[in-house]
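Dear colleague,

Please find below the structure that I am handing over to you. My notes on it follow directly after.

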Amino acid sequence: MGSDPLAVTAERIRVLYGQAGPVLAANLINGSLMLAALWEGAAQWRLTVWGSGLALLILLRASLYILYRQSDHADAKLPAWGRRYTAGAALSGALWGSTAVLFLQGDDPLSLMLVSFVIGGMAAGAMTGLASHLPAFYGFLALSVLPLVGRLLSLGDRLHLIMGAMMTVFVVAMLVIGRSYNRSLTRGLQLAEENRRLLASRESEVRARTADLVAANSRLRDEIVERQRAERALDEARAEAVCANQAKSRFLAAASHDLRQPMQSMFLFCQALRYHLPDDKGRAALLMLERGLNTLRDLLDSLLDVSRLDVNVTRTKLTGFPLRPLLGEIVDAYGPIAATKGLQVGIAPMPEVHVTSDRHLLGRMVRNLVENAVRYTERGQVTVACRSIDDKLRIEVCDTGIGIPAEQLGRIFEEFHQVANPERDKSRGLGLGLAIVQRLSVILGHRVEVRSELGKGSVFSIELDRAAGASAAPGMAAEEADGDVDIGQQGQGKMIVVVDDDPMVLLGLRDVLERWGYEVVIADGADQALARLGSPARRPALVVADYRLRSGRVGTEAIERIRALSGTAVPGIILTGETGDECRNEASQHSFDLLHKPVSSHQLAFVLKNLAGV
Ligand code: ADP
């Protein structure tokens, strides 16, 4: 990068003015001393005129200096200031040069020495005072020294000739040294100027970079703020979704509870209707109706399960229990259905292990997986296995069925997601089984995994903790298969008391039970039941009571009061539309059987068949 010549020239002129003070002071002092030295010998009027000229010139140059100081120092204006200074220097040179003509007398060695000395001194001083600006330097040097050289040479004698020659050599030397001083000053100024410009351009580069960085930084900050806002919105949306889901689940729980009552009567009246249908056509239609009701009940059960799991009302009862019997019960229950498809269902040889879990809920998980395996397998077998992996156990439900496409594996656990049932044929599942498995796996802390190969089969696994010791756990309620349970006239006139605050359920139950040969006493609460049993009380063979009765009364209390009245531990069944823990706990405390509404007549028959003495 080159330097700007104007800027360098301007800088040189600034240096020139910077020396003005000492230069004028030297003029004043030297001039005064010279006048004092010559006062005795020379014509005094000349000295006076010369002295006045010097004083005037010093004043003029001082004024110029002051004006310069007060003006603005823009580079472009400085050459003019340089010319003004040069003019002053030239006048000064001429004034000093005039001393050789005015005061040097050939026969007076003192004047010769004094004038030569003063002019030589002033010329040497011009080196530092003026050489920064060559026109001023040259002007001063020429006008101050050349008259002296001329005067010395004009005197013609040997001494003056030698002095003239010496003065010439001196002037030439001064010129050379002045020029070289000027050149190095110029070079220095050029370098300084280049540095300044370099610095300025670097500075502007740095400023530009800094501005870029600041802009990038603020963009980044904006982005962070934006992202935080998005995350907050996402959190809020998630929380809202969770709330909405819980509200939906609460609604479902309430709705499904309310649906159970009428459904119960529908089941019972279906059964009652059977005896009034004379021909096979009518019975076939009834069978379809019952199937529809069964699907409705299954859907309701699953929906309620999902919603209860969602609102966390399911409490777990963790115990240690042997695993094999549980798996055995499940496999046995699915054996008959599998057999109709020509499938084998079995348990692979497994160690006698105990696990820690909630037996009921774990059973539900395995049952759902086995049900799916049987449903989605047309040939081969369904095998339940149990492997030890370190201190964990893994239950595997393996099938040789249709398999699941890889891209569906992540979605099958979503509620109502089915891989291939676009027409939503309910006989092909409801799409809730795995959703329940997934929720239970979270509640119980059992990891569930699936691997599958399309066309070859699937393996669903549940990982759980091995229990340290064996502690017995209650057996799982036997699952009754839906089928025609014919108990004929099993009742043989034995009495069953039915307590329910819903007249439809009462009438339906009475109808069905009377068909089976029972005498039925119906009551809307304990008081009515006791009144109807009379005094002395007749002894019923069984009490079937709804759990939640009017005025805050419960079915367990009703059964207990009938027991007290009749003086025997009459068997009791709690038939309820509620699925909460309170009801289950109450029933098991009193050793009553528990049935959930709606029960089909098949289920009811199954239970009665297995109750001793009923
Ligand atoms: P569904 O009532 O439809 O069986 P699930 O939630 O239990 O509902 O299962 C969801 C879907 O996952 C099923 O519709 C089926 O496509 C697929 N699936 C589940 N288990 C298996 C299996 N063992 N083999 C093949 N596909 C399965």
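**Findings**

Helix α2 (residues 20-38) contains I29; helices (H or I, at least four residues) and strands (E, at least two) are DSSP runs, numbered from the N terminus. Together with L28 and L33, I29 forms a nonpolar surface patch with about 300 Å² of accessible area. Such patches are made of residues with over 30% relative accessible area and no salt bridge, where like charges are joined within 9 Å and nonpolar side chains (Val, Leu, Ile, Met, Phe, Trp, Tyr) within 5 Å. Accessible areas come from the Shrake-Rupley method with a 1.4 Å probe, and for residues only the protein chains shown count as cover.

Please note that this is a predicted model, in which local features need pLDDT of at least 70 and side-chain atom pairs count only at pLDDT 80 or more, while totals for chains, interfaces and linings use all residues. Residues are numbered from 1 along each chain as its sequence is written, and side-chain values use heavy atoms, with hydrogens and water left out.

A backbone N or O atom of G433 is 3.3 Å from an oxygen atom of the ligand. The protein covers 97% of the 520 Å² of accessible area that the ligand has on its own.

The structure holds 30 salt bridges, each defined as a side-chain nitrogen of Lys or Arg within 4 Å of a carboxyl oxygen of Asp or Glu. One of them joins E11 and R14 (2.8 Å, N to O); both residues lie in helix α1 (residues 5-18), three residues apart, about one turn of the helix.

Two backbone features deserve mention. Most residues other than glycine have a negative phi, and most peptide bonds are trans. S551, not a glycine, has a positive phi of about 50° and is found in the loop between β10 (542-546) and α14 (555-566). K597 and P598 are joined by a cis peptide bond, with omega about -5°.

With kind regards

Definitions and conventions. Polar contact = N/O pair within 3.5 Å; in protein donor to acceptor, adjacent residues only side chain to side chain.
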